[in-house]
Amino acid sequence: MSEQVDTAKEEDSTAGPKVRRRRTKTKKKGGVTLTSAASHGGVVKSTRLVDKDTVSIGIDVTECGDDAEVDVLWGVYRASPDIWQYPKAIQSPDSCMDETMNAMSTRMTCKKGMHSVAFDVPAALAPLTFAYVLVIRSDNDRIITPAKGAYFTTQIGVEPGSAKRLGCMPFVKQHQSGATKDVGINFAVECQGCDYVSLVLVKSVQDDSEYAQQEIALDPHMNRTGSVWHCALPYSDDLVGYGWRVNGDLSWETNHRISPDRILLDPEASSVKFVDTSSSVESLSGFPVIETRQGEEKIALSGIDSTISKDTTSLANVNSTGYGILSVDTATFGHSMSEVKHPGTFMGIAEAAPYFASLGIAAIKMNLPYTVGGSQNRAVSFFAPDPSLASSSTDNVAAEFKSMADTLHAIGIKVIISLDLTFTAEGSDEDPRVISWRGLDYGNYYRENGVLNCGKPVLQEHIIRALRHWMLDLGVDGFEFMYAENMVQNMDDVVMDAPALPDALCHDPVLSRCMMIASPGNNQMLPRQGARGFPHWGRWMEAHGTCDSPVIHYFATPVSSMTPSVVEKCAQFMSGQADLFSSPHHSFPGNLATRRPMQYSISEIDGNAWTSTDSLISTAASAARAAMIADGVDSCLVTSDSLTRAILTTVIFSSGTPCIPQEAIHNDIDTFVGECLTCRPVLSNVLDGASHRSWHAADGTSHASWDAMNTHVIGRLLTNESGSMYIVLNPEYHPVDISLPPVPGTWHQIVDSYSGDVQPAGMPVATPTQTIAAKSVRVFTASATV
């Protein structure tokens with residue numbers, strides 16, 4: 001027997017006889033007591049006794065008079081409160097159908113002034129709701145109903161649940177005796193435009209080869225707190241997933257846009273389960289169909305949250321000895337690596353841990369590891385790791401991700417994930433696809449054009465909860481926000497100097513320990529047209545070079561059409577956007593003016609949504625060879641590998657923190673990158689803290705403007721008290737002789753991108769005149785730098 005206690009107090013203020021209904025905190029062994037004050041001083045008391053096989057519902061009415069004739073009009077429902085059923089297993093012998101009320105009628109017996117009746121409901125019928133009203137036949141068929149709602153209800157196999165945490169959460173309830181425990185699951189969803197909500201469960205039958213749906217209508221009084229609908233159910237081994245069906249405000253004018261004809265994914269479910277469409281379309285009708293990263297169509301269910309160990313290595317405990325970031329796309333990673341047995345999965349990333357360590361990186365940045373859908377990989381759930389990236393069962397994807405993070409942490413590599421807070425897989429109004437928010441409460445999450453409204457408090461709170469989940473439960477150390485300009489607008493599309501979401505993220509007491517990287521796609525859409533970058537409060541890191549790839553364009557642009565602008569943009573990339581990370585601008589508010597360390601500037605050369613970095617470099621190499629043949633120059637001087645080494649050398653030895661794309665590393669490039677990253681920390685003192693910086697032409701002379709240059713060669717000199725560093729870029733189709741500028745000490749060469757030679761200790765230079773090969777980069781240091 002189980003013991004349950006509910007408390008509440010309600011009063012009817014409508015015209016006519018007053019009906020008071022109150023739940024007392026009366027403890028009754030094995031049940032719950034419900035006491036309600038009825039008209040003329042009458043009191044209705046119901047009890048629910050839960051046994052292993054039976055749930056007994058007792059209804060008592062007092063103070064109605066010994067001669068009163070009182071009937072209970074009752075029925076049970078599960079999926080819809082508008083469709084009552086009358087199982088024979090519940091009917092007593094004297095029950096009969098009341099055709100006028102369309103309900104089963106059972107006469108109450110009277111003893112010493114108390115009218116009573118009891119119903120025994122087989123536990124096997126659960127979950128369901130027992131609904132009833134009272135009719136006093138001797139008082140002109142006066143009907144007694146509760147203050148709120150059309151009838152009294154008693155839930156069987158369903159508990160009120162809690163609104164404390166959204167999504168699906170397992171719980172364990174200890175009995176007072178301490179001897180037994182009930183294991184259950186709490187479900188909760190937020191929906192501000194709903195009048196009716198049903199929980200749709202998916203259960204497996206026939207050894208998981210088929211599925212069946214079970215829909216449970218929630219009581220708007222028992223299962224609702226504010227705008228959160230919630231319930232709790234006993235745990236069941238055959239439960240594999242769930243969704244929500246909602247009904248309410250359908251209008252677009254109010255912007256709720258409720259979709260009652262769809263079963264919606266829970267936006268805060270920490271897992272998503274994919275099911276093949278081939279054999280489950282009919283049994284899972286109503287659930288959304290998602291196109292996965294692999295181009296396959298799958299039926300998507302909100303997964304049942306499994307217990308995840310909370311001993312994930314935290315950011316503070318990761319002792320990173322490497323430098324730089326490697327950008328990784330899980331789905332395409334490891335297919336050509338013999339050491340990776342599970343390519344394209346989180347397990348494959350973990351298997352490549354020794355490879356990452358050999359590169360000498362400090363962190364990997366994983367591209368959109370959460371569940372996505374559609375050809376452009378738009379978000380389906382910001383909470384759930386993508387089941388299409390699991391090595392085996394999609395039920396273990398969260399555990400697999402966590403294991404991967406722990407493996408990387410053990411060798412000192414941090415995990416960063418990227419997010420896209422613009423469009424989701426639900427599309428735009430021109431091409432809508434109802435999956436979750438679009439049918440649940442559109443206006444609290446989207447703008448009119450289908451773009452996520454990061455100015456809405458409801459969405460902001462959701463994002464914060466999602467990031468905390470990735471950090472605390474799954475071991476993530478940082479986050480990159482793609483197209484971050486969408487985060488700086490308020491709910492009315494106004495660009496703000498101090499937008500709420502970036503402010504909340506960098507000052508959140510939990511998330512403030514994480515790396516926060518803003519990666520704008522269009523700086524002109526930032527506050528003050530990007531004059532001081534993304535609003536940062538001195539805490540946000542900022543990526544640049546992700547969309548226009550200035551370094552690739554510098555080496556790929558035909559020499560005949562090379563303009564000072566192309567050269568200048570490459571130089572700005574090399575400086576790490578020094579104008580954004582230098583001294584404060586006192587004319588701007590503090591969130592824009594605060595000084596940031598140069599290491600907060602992230603230098604990326606990722607391709608865009610349509611062209612990969614590898615493709616860009618290959619195209620650039622082909623164009624260079626074609627132009628060289630036209631000019632009568634030996635085209636064998638430039639290969640895709642030599643051009644890749646030149647571009648990566650520029651990125652690694654630019655100011656700020658380099659971010660290398662996985663796809664640019666192939667053949668022997670990984671060894672070259674690892675050697676360069678080994679040299680980079682030694683030069684950080686000069687690169688990121690130089691007291692003197694200057695730009696030089698090929699002859700070693702400094703110049704004041706890019707227009708005054710007589711060559712496209714870029715030379716950058718950085719010096720401080722510890723020494724000097726000089727990096728030279730040659731975009732020409734032929735070798736160029738350069739002169740090293742005079743500095744204290746002796747110049748040493750540490751990197752030649754053309755030959756792939758890297759000398760961490762430095763190779764002394766015999767003469768200040770050096771020949772830089774076509775489409776290549778050389779790096780020199782002097783004095784105590786190496």
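Modeller: Happy to! Let's start with Arg107 and Asp71, whose side chains meet in a salt bridge at 2.2 Å, N to O. A salt bridge here is a side-chain nitrogen of Lys or Arg within 4 Å of a carboxyl oxygen of Asp or Glu. Arg107 belongs to strand E9 (residues 103-107) and Asp71 to strand E7 (residues 70-77), so the pair ties together parts 36 residues apart in sequence. Strands are DSSP runs of at least two residues, helices (H or I) of at least four, both numbered from the N terminus.

A word on the source: this is a predicted model, where local features need pLDDT of at least 70 and side-chain atom pairs count only at pLDDT 80 or more, while totals for chains, interfaces and linings use all residues. Residues are numbered from 1 along each chain as its sequence is written, and side-chain values use heavy atoms, leaving out hydrogens and water.

Back to our pair: Asp71 is buried, with a relative accessible area of 4%, whereas Arg107 is partly exposed at 36%. Buried means under 20% relative accessible area, exposed over 50% and partly exposed in between, using a 1.4 Å probe and protein chains only.

Now compare Lys365 and Glu604, whose side chains meet in a salt bridge at 3.4 Å, N to O. This pair links distant parts of the chain, 239 residues apart: Lys365 sits in strand E26 (residues 363-366) and Glu604 in strand E33 (residues 601-604). Lys365 is buried at 5% relative accessibility, and Glu604 is buried at 1%.

The structure holds 23 salt bridges.
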